[in-house]
Amino acid sequence: MPDVANAQKFIKKLTAVENDYLRQIDGYRTQARRVMLEILDREGVTRQAVNQMRREVDSLKAQVTKLGRSTSKDVRRTVQNYTRKQIQLANRVGLANEGDIGSLVAKGTDNAKDGEETFMTSIPAWLNQLETSLQTTSAQLRISQASPEEVSARLLSERLADGRASVWAASGNAAALEETRDVWTYAVGLTGAYLLFFKQEEEFDYQKQWISTIDERTTDCCLRAHGQIQPMDEPFQLTGTPRYADEVQDPPGHWYCRASEALYHESFEQIGIPTEKMRDMAELELDARELTGRRIPISPSHATSRREGALPSG
């Protein structure tokens, strides 16, 4: 499958977009926490203080929504460039006329808008949960007449307090999970839409292929899905763990999934890395983990990486 290099570049570029997005959210969270600590220091855990903290959460919601809108543009540019590379691949083997990415982007306008509204600019669940948890936990602390130190630890500590995460720390974990999922779901879903539109414009029977990057972090799910080929309008079948479901139309297949999908035609096998080799390398890593009972660092990571000393059978 010759599009592996482009798929890996796509994963790398989208990871950079994701990291920048999370870094900026973390910066907004740091500023909001600083203000909330000042509120608690000044007002205690009074109802007035809670109302002030809720206004700070509202400000955080506005910042994250605005950031999501600008980040969605970065995601679309990354996806469009990746799609363009795949069309060029089809041109290279004589399976398509010179494709116009502009026509695909135009057809995918509704998909892009719907994805942006659903994943990038809607109010994240972690922020709504933060607001609710601040209110309910503050009420519990008032009733129990907790000390200022306990109030600060239970609400805004960045470390474990009494063996549990504070309201603030829990929201940080939820933010990383939700925002990472949203970036990748939006990007890969839009990729799938563009490729489907491209297939509809052409007379050839294009399919789609699951591409994983192999290293010590690759899940059992993605190793087993690596190289899988499906019709454009059919779901990928997932059997490994962890996984969202047994079938997904496009990656991601689980939290923190780094998989992508690529345009596929059997003619592509002649000019790049064969699908068989991709699957062999995934099986090699699965076998090595079962034999040794552990994962070891693999670098660099790509679609046919393998741990040092591991040799395919036969």
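Reader: Into which classes do the residues of the lining of the largest pocket divide?

Author: The lining has seven nonpolar, ten polar and four charged residues. Asp, Glu, Lys and Arg count as charged; Ala, Val, Leu, Ile, Met, Phe, Trp, Tyr, Cys and Pro as nonpolar; the others, Gly among them, as polar. This is a predicted model: local features need pLDDT of at least 70, side-chain atom pairs need 80 or more, and totals for chains, interfaces and linings use all residues. Numbering starts from 1 along each chain as its sequence is written, and side-chain values use heavy atoms, without hydrogens or water.

Reader: How much space lies in the largest pocket?

Author: Rolling a probe the size of a water molecule over the atoms shows where empty space is left. A pocket is an open set of points on a 1 Å grid over the protein atoms alone, where a 1.4 Å probe fits, with protein on both sides within 12 Å along at least five of seven lines; lining residues have an atom within 4 Å of a point. The largest pocket holds about 410 Å³. Its lining has 21 residues, and Ile11, Thr15, Thr213, Arg217 and Arg258 are the closest to its centre.

Reader: Which element supplies the largest share of the lining of the largest pocket?

Author: Helix 1 does, with six residues. Helix 1 spans 4–43, and helix 7 (167–201) also supplies at least two residues. Helices (H or I, at least four residues) and strands (E, at least two) are DSSP runs, numbered from the N terminus.

Reader: What is the volume of the second largest pocket?

Author: The second largest pocket has about 290 Å³. It is lined by 19 residues, and the closest to its centre are Asn111, Gly189, Leu190, Ala193 and Asp250. Helix 4 (109–120) and helix 7 each give two or more residues to this lining. Helix 7 gives the most, eight residues. By class, the lining has seven nonpolar, six polar and six charged residues.

Reader: Is glutamine 8 buried or exposed?

Author: Buried means under 20% relative accessible area, and exposed means over 50%, with partly exposed in between (1.4 Å probe, protein chains only). Glutamine 8 counts as buried because its relative accessibility is 15%. Glutamine 8 sits in helix 1.

Reader: With which residues is glutamine 8 in contact, leaving aside neighbours within four places in sequence?

Author: Contact means heavy atoms within 4.5 Å. Glutamine 8 contacts Ile211, Ser212, Thr213, Ser301, His302 and Ala303. Take threonine 213. It lies 205 residues from glutamine 8 in sequence, yet their C-alpha atoms are 7.3 Å apart.

Reader: What covers the buried residues of helix 9?

Author: The cover includes helix 1, strand 1 (207–211), helix 8 (220–225), strand 2 (229–231) and strand 5 (260–264). Among the buried residues of helix 9 are Met278, Met281, Leu284 and Leu286. Thr275, Glu285 and Arg289 are also on that buried list. Just after helix 9 comes glycine 293, with a positive phi of about 75°.

Reader: How many helices and strands are in the protein?

Author: There are nine helices and five strands. Along the sequence the pattern runs α-α-α-α-α-α-α-β-α-β-β-β-β-α. The C-alpha trace spans about 70 × 50 × 30 Å along its principal axes. Of the 314 residues, 50% count as buried. Of the contacts with a separation of 6 or more, 73% join residues 24 or more positions apart.

Notes. Grid points are joined across faces, edges and corners, and a volume is the space filled by probe spheres set on the points.
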